Amino acid sequence: MINIECDDIFLRKNIISLLQQKKFFSKDEYANKFFFQLKIYQQEDSLFCLVDGDQIKFNLPRNFEEIFEKIFDLVSNKNIHVSIFHYYPFKQAIRINKKITLLTDIQNKILTHLLLNLDDGIEKVQLIKNIWPKDKDIFLNKLDTHLTNLKNQISNELGFDLSFSSKSGILKLCID
């Protein structure tokens, strides 16, 4: 969901490792697709983090917990504009005008995968494996239930009709 760009290989590797320990994102879960790019670079005794033109500067040394909190605050306020709504993947929220609905973890994962694969869609089986990686059996009706609940919630709380299409096992989010 977020791409880390850093010229210093050692710094990049360690920041990714620390962010993964905080369960901030799972690199494998979203492959090479992302919503935001976090650029990190160090100059002398300062660490800089940039996302979409917004920048944070840290004087070093600094506790990683402080760095993580500031990065999370910066990224969680970023949104993706889709059709008439704004999607906040880290806040697990959708906003239309002044109305907001909060998504469950599963709904958020579903919407994230559908938006990251907006053009080509995603295989239902792969989506199920991404959302429920520990399940040994694949139940399409389990996914369909969550899709229906997501669609109903957005319709009831935001007055927006979210629609999906499914053809040959590929699930797509239909956006006008």
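Asp52 is exposed, with a relative accessible area of 54%, where exposed stands for over 50% relative accessible area, buried for under 20% and partly exposed for the range in between (1.4 Å probe, protein chains only). This residue is found in the loop between strand E3 (46-51) and strand E4, and its phi is near 45 degrees, a positive value in a residue other than glycine. Strands (E, at least two residues) and helices (H or I, at least four) are DSSP runs, numbered from the N terminus. The model is predicted, so to speak of its local features requires pLDDT of at least 70, and side-chain atom pairs count only at pLDDT 80 or more, while totals for chains, interfaces and linings use all residues. Residues are numbered from 1 along each chain as its sequence is written, and side-chain values use heavy atoms, with hydrogens and water left out.

A positive phi is also found at Ser83, near 55 degrees, again in a residue other than glycine. Ser83 is found in the loop between strand E5 (80-82) and strand E6 (85-88), and with a relative accessible area of 26% it is partly exposed. Another backbone feature is the cis peptide bond that joins Leu60 and Pro61, with omega about 0 degrees. Pro61 has its place in the loop between strand E4 (54-59) and helix H3 (64-76).

Turning to the chain as a whole, six helices and eleven strands are present. The C-alpha atoms fill a box of roughly 55 × 40 × 25 Å, taken along the principal axes. Of the 176 residues, 41% count as buried. Contact here means heavy atoms within 4.5 Å; among the contacts with a separation of 6 or more, 48% are accounted for by residues 24 or more positions apart. The chain exposes about 10400 Å², of which carbon and sulfur atoms supply 47%; the areas come from the Shrake-Rupley method with a 1.4 Å probe, and for residues only the protein chains shown count as cover. The mean positions of the 24 positive and 23 negative charges are 3 Å apart. In this count Lys and Arg are positive and Asp and Glu negative, with His and the chain ends not counted; each charge is placed at NZ of Lys, CZ of Arg, CG of Asp or CD of Glu.

The interior comes next. In soluble globular proteins, nonpolar side chains tend to be buried together. The largest nonpolar core of this chain has 51 residues, and those with the most contacts inside it are Ile40 and Tyr87. Helix H3 gives the most to this core, with six residues. Such a core is a set of buried Ala, Val, Leu, Ile, Met, Phe, Trp, Tyr and Cys residues joined through side-chain atoms within 4.5 Å. Not counting residues up to four places away in sequence, Ile40 touches Ile4, Glu5, Cys6, Asp7, Leu11, Ile15, Leu47, Phe48 and Cys49.

Lys78, in the loop between H3 and E5, is buried, with a relative accessible area of 13%. A polar contact of 2.3 Å joins its side chain to that of Asp54. Polar contacts are pairs of N or O atoms within 3.5 Å; within protein, one atom must be able to donate a hydrogen and the other to accept it, and residues adjacent in sequence count only if both atoms are side-chain atoms. Beyond its neighbours within four places in sequence, Lys78 is in contact with Phe36, Val51, Asp52, Asp54, Tyr87, Tyr88 and Pro89. Thr101, in strand E8 (residues 99-102), is buried at a relative accessible area of 0%. The side chains of Thr101 and Glu157 are joined by a polar contact of 2.4 Å. Residues touched by Thr101, leaving out those up to four places away in sequence, are Gln92, Ala93, Ile94, Gln153, Glu157 and Leu158.

Val82 lies in strand E5 and counts as buried at 6% relative accessibility. With neighbours within four places in sequence left aside, Val82 is in contact with Leu115 and Ile175. Leu103 lies in the loop between E8 and helix H4 (105-116), and at 6% relative accessibility Leu103 counts as buried. Apart from residues up to four places away in sequence, Leu103 touches Tyr87, Gln92, Ile94, Asn108, Leu111, Leu150 and Gln153.
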